[in-house]
Amino acid sequence: MAGKINSLQLDLNLTMFSSQTCPVCESTQSKSLFSVADGKLVQCIECKLVFYTPLPSSAELAAFYDAESYRQNYHHSPLAGMQMAKIRYQQLKSYFRQRTSHDLGLSPQLRYLDVGCGEGDLLKVLAAEGWDTLGTEISAKAVAQAGEGWRDRIQVGDINSVDFPSAYFDLITMYHVIEHLLDPVDALSRVYNWLKPGGILFIETPNWGGLGARLRGRSWSLIIPPEHLTYFQKSSLSYALSRAGYGDFQVFSSTPQVLESLDRFPIGVRQFIAIAYRLAPYMGLGANLQALAFRDH
Ligand SMILES: [Zn+2]
């Protein structure tokens, strides 16, 4: 019995130690920012990644995403259920069409993978281009909702357990997904292997270095562990891509998506804030970070 307790204590100690290890650069040097949920946010001294500790297990995450409460929230989130999401998916479709055919001269019959595709909303929009579309998703319940003809195009599991042939896809997206992952560098390197030479990875994730995050601090609405486990800024996302093997990539910040939020400011300062919002992306202060990364030829 005593041996069992000691072994349990050892496991606990190891968990506490590893939970402080930066998921991107593996440094154990971090500073505490503030308490949130049942843990805290810390910032890595080396790569500046902000992350939640203690990190949950993969099984705990799968249970979290299958829970009815999460599924309900998802349907009402700006990323899935609202009109804004549908508009954004159409914008992405035009953007990918331009990047792949015009800029890169890739075949119009693309092979496309959406990592963390949920119920397949973005997959369905891009399939209208005639592309061969596949997805991965941790939540079996989300996949069950994807509909006839789609369920068998989505592999269920976290990104470390799904598998595809090497050099298979022309385009892979991780749209508001990387911040949910336990091991983002491992995920990025798996994706690198699945891309064809010259193939494109597109990432979008909330910008910890953005104006909204800076102004709102701990009240920033996107601080939502255990859903968001990592919080990237330009330097940490660039570092993660390098570590995963990408030699050719760009990281930039997007325009703020919600100009309607200006309504809450007094009329006298709205114009000033509107200008600041429009300038923000050019100063790396946009609401989201985006990355385009390429597998080497
Ligand atoms: Zn780090």
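Where does Pro-54 lie?

1. Pro-54 sits in the loop between strand E3 (50-53) and helix H2 (58-66). The peptide bond from Thr-53 to Pro-54 is cis, with omega near 0°. Most peptide bonds are trans. Keep in mind that this is a predicted model.

2. Now go to Pro-226, in the loop between helix H8 (211-216) and strand E9 (230-231). The bond from Pro-225 to Pro-226 is cis, and omega is near 5°.

3. **The whole chain.** Step back for a moment. The protein chain has 297 residues, and 36% of them count as buried. It holds 10 helices and 11 strands. Take the contacts with a separation of 6 or more: residues 24 or more positions apart account for 67% of them.

4. **An open sheet.** Four strands form an open sheet in the order E1-E2-E3-E9, with antiparallel pairing. E1 and E9 are at the edges, and each has a single partner strand, so one side of each has no neighbour in the sheet.

5. **E1 against E2.** Strands E1 and E2 run antiparallel and are joined by 6 bridges. Lys-31 stands opposite Gln-43 in E2. Phe-34 stands opposite Leu-41 in E2. The hairpin of E1 and E2 has 2 residues between the strands, and there Ala-37 takes a positive phi near 50°.

6. **E2 against E3.** E2 and E3 pair in the antiparallel sense over 4 bridges. Leu-41 has Tyr-52 as its bridge partner in E3. The two strands, E2 and E3, form a hairpin with 5 residues between them.

7. Most residues other than glycine have a negative phi. Lys-48 is not a glycine, yet its phi is positive, at about 75°. Its place is in the loop between strand E2 (39-44) and E3. Is Lys-48 buried or exposed? Lys-48 has 20 other C-beta atoms within 10 Å. The cut-off for buried is 20 or more, so Lys-48 counts as buried.

8. **Glu-26, a positive phi in a loop.** Glu-26 lies in the loop between helix H1 (2-19) and strand E1 (30-36). Phi of Glu-26 is near 70°, a positive value in a residue other than glycine. Glu-26 has 13 other C-beta atoms within 10 Å and is partly exposed.

9. Helix H4 covers residues 83-103, which makes 21 residues. At 1.5 Å a residue, H4 should span 30 Å. Its end C-alpha atoms are 29 Å apart, which agrees. Just after H4, Gly-105 takes a positive phi of about 65°.

10. **Strand E4, enclosed.** How many of the 5 residues of strand E4 (residues 111-115) are buried? The count is 5 of the 5, so E4 is largely enclosed by the rest of the structure. Both faces of E4 are covered. Arg-111, Leu-113 and Val-115 are buried on one side, and Tyr-112 and Asp-114 are buried on the other.

11. **The partners of E4.** E4 runs parallel to strand E5 (residues 132-137), and 5 bridges join them. Arg-111 has Asp-132 as its bridge partner in E5. Between E4 and E5 the chain passes through helix H5 (residues 121-127), and this β-α-β crossover is right-handed. E4 also runs parallel to strand E7 (residues 169-175), joined by 3 bridges. There, Tyr-112 has Leu-171 as its bridge partner.

12. **The nonpolar core.** The largest nonpolar core has 61 residues, and Ile-172 and Val-191 have the most contacts inside it. Helix H7 (residues 184-194) gives the largest share of this core, 6 residues. Leave aside the neighbours of Val-191 within four places in sequence. Val-191 is then in contact with Val-115, Ile-172 and Leu-201.

13. **Helix H10, in the open.** Finish with helix H10 (residues 267-279), which has 13 residues. From its first C-alpha to its last, H10 reaches 19 Å, close to the 18 Å expected at 1.5 Å a residue. Of its 13 residues, the number buried is 1, so H10 lies largely in the open.

Definitions and conventions: Residues numbered from 1 in each chain as written. Predicted model: local features only at pLDDT ≥ 70, side-chain atom pairs only at ≥ 80, totals over all residues. Buried ≥ 20, exposed ≤ 12 C-beta atoms within 10 Å, placed from the backbone. Expected span 1.5 Å × (residues − 1). Pairing = 2+ DSSP bridges. Contact = placed C-beta atoms within 7 Å. Core = buried A, V, L, I, M, F, W, Y, C linked by C-beta atoms within 7 Å. Right-handed = clockwise from strand over helix to strand, strands pointing away.
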